[in-house]
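Please keep the 3D view open as you read.

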Amino acid sequence: MAVLVLLLFGGGAVGGIWYYFSPKYTRVGYSPIQPVPFPHSVHVDQVGLDCRYCHSQVEKSWYSNIPSATTCMNCHNQILKEDPRLQIIRDSAQDGRPVPWVQVHKVPDYVYFNHSVHVNRGVSCVHCHGEINKMDEVYHAKPLSMTFCLDCHRNPGPNLRPLDRITDLGWKGANPDVQKSQGEQFAHDWKVNASQNCSACHR
Amino acid sequence: MRYIFIVWVVCVAVVVGFAGFKGDKTRRPPIELFPDMDRQPKLRPQAENAFFKDGRSSQLPPQGTIARNSRWEQTAENTGRIPGGTNFVNAIPVPVTSELMARGQERYTIYCLPCHGASGDGKGVTSKLGMTLVGDLHDQKGRKLVTASDGQIFDTITNGRNLMGAYGSVLDPKDRWAVVAYVRALQLSRLGLLDDIPAADRASIK
């Protein structure tokens, strides 16, 4: 009897911890309310903007910038120029006060992730951010846990793609085998050093 | 015995009811189970930071300073103007190579094509969405953009013009010249004559 109770409740507790104490639960699915309801799906999938039109420093900087309101106004000075949803953007472009966007993807502060080294070595946005081009509201699609990083760092080949396809989030290789051998070739040619040393990410 | 099992099922149902499942969309911020040094009071870009008066971490450079590695010299390469004056340079002051042209095509596709269109006729996707006043790079009537000097196009990219915004902050000078070169190539695609093509290649053109 006691053994059965222990098995049931002990097993339940272990199962609960196993299931819930994982970034797949604690992070994935986070989708905050943004000050402006910006739909990536409309801007990328329908209009066809490249990621870098707005996130313009991603190839040069460790940090992928959120665009300034003036970037929005490049088009929205003519398109939807009276729309109340864009009032915060117009005000920000006018007086320079930042738009209070809520950051969705936030690794711990002791993790030093560098965007530019990844996008310049064949790792697409989609690997870490999911199909953001199809999201009406951005949500945290991948766990971004340490295992998540290491899975790729141990075997980067299958995740590397031609450099002109980095921001083409829907891109698929001819087939997984071709993509794998192609990616392994890239890893060799570009001298991809996917370090597994602690100090690669933790400094 | 049966009651213990019922209690167990209720417990599981309550936990799952409150906590939900992996991957559920949620407004609640990510849970940090061991938050020891997850959030440090150091400066993060584009974040709130109480250290500065206006409360933001990313500050504009103080007046009279330039960022490291930024191009500040008043040369034709950086300004598009003849040094010492305000006149635009006539021709691109950097070597025009096929790499520069390829770079120009890539940058044009990212930053210019949405409005100016793949062929440069000003009928990009935004023209269908209510953007009516977009420059036609071929400018069939006035030929203003065809006869403009390279330096003037460089200046338009840098600082914007009329309703077009400035792209100087997203395209460094070398990239701007690359885009100028590509714009020239687009214009030539409509203005070129058969005589411009090397004799050996003429047969390949219909």
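A nonpolar core, as the term is used here, is a set of buried Ala, Val, Leu, Ile, Met, Phe, Trp, Tyr and Cys residues joined through side-chain atoms within 4.5 Å. Keep in mind that you are looking at a predicted model. In soluble globular proteins, nonpolar side chains tend to be buried together. Here the largest nonpolar core has 29 residues, and Y108(B) and Y111(B) are the ones with the most contacts inside it. Which elements each supply at least two residues of this core? They are α4 (51-54) of chain A and, from chain B, α3 (98-111), α6 (150-159) and α7 (173-191). The largest share, eight residues, comes from α7(B).

Now let's turn to the contact between the two chains. The size of an interface is often given as the accessible area lost when the parts come together. Chain B and chain A bury about 4600 Å² between them, and 57% of this area is on carbon and sulfur atoms. Chain B brings 49 residues to the contact, and chain A brings 49 residues. Polar interactions can be found here too: across the interface there are 32 residue pairs in polar contact, with both residues at pLDDT 80 or more. On the side of chain B that touches chain A, the elements giving two or more residues are α1 (2-19), α3 and α4 (113-116) of chain B. The largest share of that side, eight residues, comes from α1(B). By residue type, the side of chain B that touches chain A divides into 27 nonpolar, ten polar and twelve charged residues.

Q57(A) sits in the loop between α4 and α5 of chain A. Leaving aside neighbours within four places in sequence, Q57(A) is in contact with Y63(A) and N65(A), and also with S169(B) and V170(B) from chain B. Is Q57(A) buried or partly exposed? Its relative accessible area is 23%, so Q57(A) counts as partly exposed, because buried means under 20%. Along the chain, Q57(A) and H115(A) are 58 residues apart, and their C-alpha atoms are separated by 9.3 Å.

The other residue, T71(A), is found in helix α5 (residues 69-76) of chain A. With a relative accessible area of 17%, T71(A) is under the cut-off and therefore buried. Beyond its neighbours within four places in sequence, T71(A) is in contact with Y53(A) and C54(A).

Finally, let's follow the charges. The structure holds 20 salt bridges over all chains, and five salt bridges are found across the interface of chain B and chain A. In one pairing between the chains, the side chains of R107(B) and E59(A) meet at 3.0 Å, N to O. R107(B) also forms a salt bridge with E106(B), at 2.9 Å, N to O. How accessible are these two residues of chain B? R107(B) counts as buried because its relative accessibility is 2%, whereas E106(B) is partly exposed at 29%.

Another salt bridge joins R103(B) to D175(B), with the closest N and O atoms 2.8 Å apart. This pair links distant parts of the chain: R103(B) lies in helix α3 of chain B and D175(B) in helix α7 of chain B, 72 residues apart. D175(B) is buried, with a relative accessible area of 5%, while R103(B) is partly exposed at 31%.

Elsewhere, R56(B) and D54(B) meet in a salt bridge at 3.5 Å, N to O. R56(B) is partly exposed, with a relative accessible area of 26%, and D54(B) is partly exposed at 46%.

Methods: Residues are numbered from 1 along each chain as its sequence is written. Chains are lettered from A and ligands numbered from 1 in the order in which they are written. This is a predicted model: local features need pLDDT of at least 70, side-chain atom pairs count only at pLDDT 80 or more; totals for chains, interfaces and linings use all residues. Side-chain values use heavy atoms; hydrogens and water are left out. Helices (H or I, at least four residues) and strands (E, at least two) are DSSP runs, numbered from the N terminus. Buried means under 20% relative accessible area, exposed over 50%, partly exposed in between (1.4 Å probe, protein chains only). Contact means heavy atoms within 4.5 Å. Buried area is the accessible area (1.4 Å probe) that two parts lose on being put together, summed over both. A salt bridge is a side-chain nitrogen of Lys or Arg within 4 Å of a carboxyl oxygen of Asp or Glu. A polar contact is a pair of N or O atoms within 3.5 Å; within protein, one must be able to donate a hydrogen and the other to accept it, and residues adjacent in sequence count only if both atoms are side-chain atoms. Ala, Val, Leu, Ile, Met, Phe, Trp, Tyr, Cys and Pro count as nonpolar, Asp, Glu, Lys and Arg as charged, and the others, Gly among them, as polar.
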